Amino acid sequence: MKKFLAFAVTLMVAATLSQAAHAADFSKQIKARKAVMQLYAFNVGQLAAMVKGKMPYDAAAASVAANNLLAAANMKQSAMWPKGSDASAPGLDGKTRAKADIWSQYPKVAEAGKGLVAAATKMAAAAGNGVDGIKANFGAVGGACKACHKPFRAPKK
Ligand code: HEC
């Protein structure tokens with residue numbers, strides 16, 4: 001009986017440990033997708049700075065920023081968004097703002113991703129043609145970010 005109890009306790013500890021490990025399992029994926037978002041934000045920020053006159057307009061730099069945004073948006077991200085890696089999962093509250101709706105409402109999120117590719121494609125074609133080229137496409141790019149954040153990203157805590 002004593003032996004059996006010890007065995008049962010071992011099993012329970014193992015189960016608890018594996019649960020804890022499971023909760024942390026998504027850390028790399030979450031880090032990677034946040035990195036993609038940071039790439040979006042950095043390159044949009046460069047374009048925004050030129051629109052606002054905080055950075056002098058430079059055709060080559062504008063073109064690079066827009067093409068970087070497009071390249072990042074074109075990355076295949078499915079491995080970075082494993083099902084269950086949302087903020088409601090055990091241990092992930094505070095580590096991610098991804099909502100479970102990303103998976104339950106699939107493929108809506110993929111459509112939102114395509115929306116960004118479409119807007120970034122137009123931006124990449126126009127950004128080198130003067131600051132007005134950026135301005136003409138800025139609303140659509142920002143709108144594409146919002147169109148995904150609103151339904152699929154939880155508010156900041
Ligand atoms: C298809 C959906 C989608 C699109 C399009 C999208 N985002 Fe996100 N974004 C998310 C989700 C979901 C999160 C939360 C990720 C997490 O916390 O795991 C996020 C998080 C972020 C973050 C926070 C990253 C961090 O380090 O915590 C930034 C910044 C961001 N997005 C910027 C952008 C910008 C700028 C655009 C547009 C150019 C954009 N996003 C387009 C879904 C999207």
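1. Start with Q77. In this predicted model, Q77 sits in the loop between α3 (59-74) and α4 (101-104). Its relative accessibility is 14%. The cut-off for buried is under 20%, so Q77 counts as buried. Leaving out residues up to four places away in sequence, Q77 touches V36, Y40 and A72.

2. Next, S78. This residue also belongs to the loop between α3 and α4. S78 is exposed, with a relative accessible area of 63%. Its C-alpha atom is separated by 9.5 Å from that of A110. Along the chain, S78 and A110 are 32 residues apart.

3. T96 deserves a careful look. It is found in the loop between α3 and α4. Is T96 buried or exposed? It is buried, with a relative accessible area of 5%. The contacts of T96, not counting residues up to four places away in sequence, are I30, R33, K34, S85, D86 and A87. A polar atom of the T96 side chain also lies 3.0 Å from the backbone nitrogen of A98. T96 is listed among the closest residues to the ligand as well.

4. K34 can be read together with T96. K34 is placed in helix α2. At 41% relative accessibility, K34 counts as partly exposed. Which residues does K34 contact, leaving aside its neighbours within four places in sequence? They are K95 and T96. K34 and T96 are 62 residues apart along the chain. Their C-alpha atoms are separated by 8.8 Å.

5. Now the ligand. It is surrounded by 23 residues. The closest are M37, T96, C145, C148 and H149. Several polar side-chain atoms can be checked by eye. One of R33 lies 2.9 Å from an oxygen atom of the ligand. One of Q38 lies 2.8 Å from an oxygen atom of the ligand. One of H149 lies 2.8 Å from a nitrogen atom of the ligand.

6. The iron atom of the ligand comes next. Which protein atoms are its donors? They are SD of M37 and NE2 of H149, lying 2.0 to 2.4 Å from the iron atom. The site has 6 donor atoms, with angles of 87 to 179° among them. Its geometry is octahedral. M37 lies in helix α2 (residues 27-51) and H149 in helix α6 (residues 131-152), so the pair ties together parts that are 112 residues apart in sequence.

7. H149 is at 27% relative accessibility and counts as partly exposed.

8. Check the peptide bond between Y106 and P107. It is cis, with omega about 10°. P107 lies in the loop between α4 and α5 (108-126). For background, most peptide bonds are trans.

9. At the end of the chain, look at K157. It is in the segment after α6. At 84% relative accessibility, K157 counts as exposed. The K157 side chain makes a polar contact with the side chain of D93, at 2.7 Å. K157 and R97 are 60 residues apart in sequence. In space, they are 9.3 Å apart, C-alpha to C-alpha.

10. Last, the whole chain. How many helices and strands does the protein chain have? There are 6 helices and 0 strands. From the N terminus on, the elements run α-α-α-α-α-α. Of the 157 residues, 31% are buried.

11. Two chain totals complete the picture. Take contacts between residues at least 6 apart in sequence: 69% of them join residues at least 24 apart. The protein chain exposes about 9,900 Å². Carbon and sulfur atoms supply 65% of that area.

Terms used
Residues numbered from 1 in each chain as written. Predicted model: local features only at pLDDT ≥ 70, side-chain atom pairs only at ≥ 80, totals over all residues. Heavy atoms only, no water. Helix = DSSP H or I, 4+ residues; strand = E, 2+ residues; numbered from the N terminus. Buried < 20%, exposed > 50% of the residue type's maximum accessible area, 1.4 Å probe, protein only. Contact = heavy atoms within 4.5 Å. Donors = N, O, S within 2.8 Å, 3.2 Å for Na, K, Ca; no water. Tetrahedral: all angles 85-135°; square planar, octahedral: opposite > 155°, others 65-115°. Areas by Shrake-Rupley, 256 points an atom, 1.4 Å probe, with all protein chains shown as cover. Near = heavy atom within 4 Å. Polar contact = N/O pair within 3.5 Å; in protein donor to acceptor, adjacent residues only side chain to side chain.
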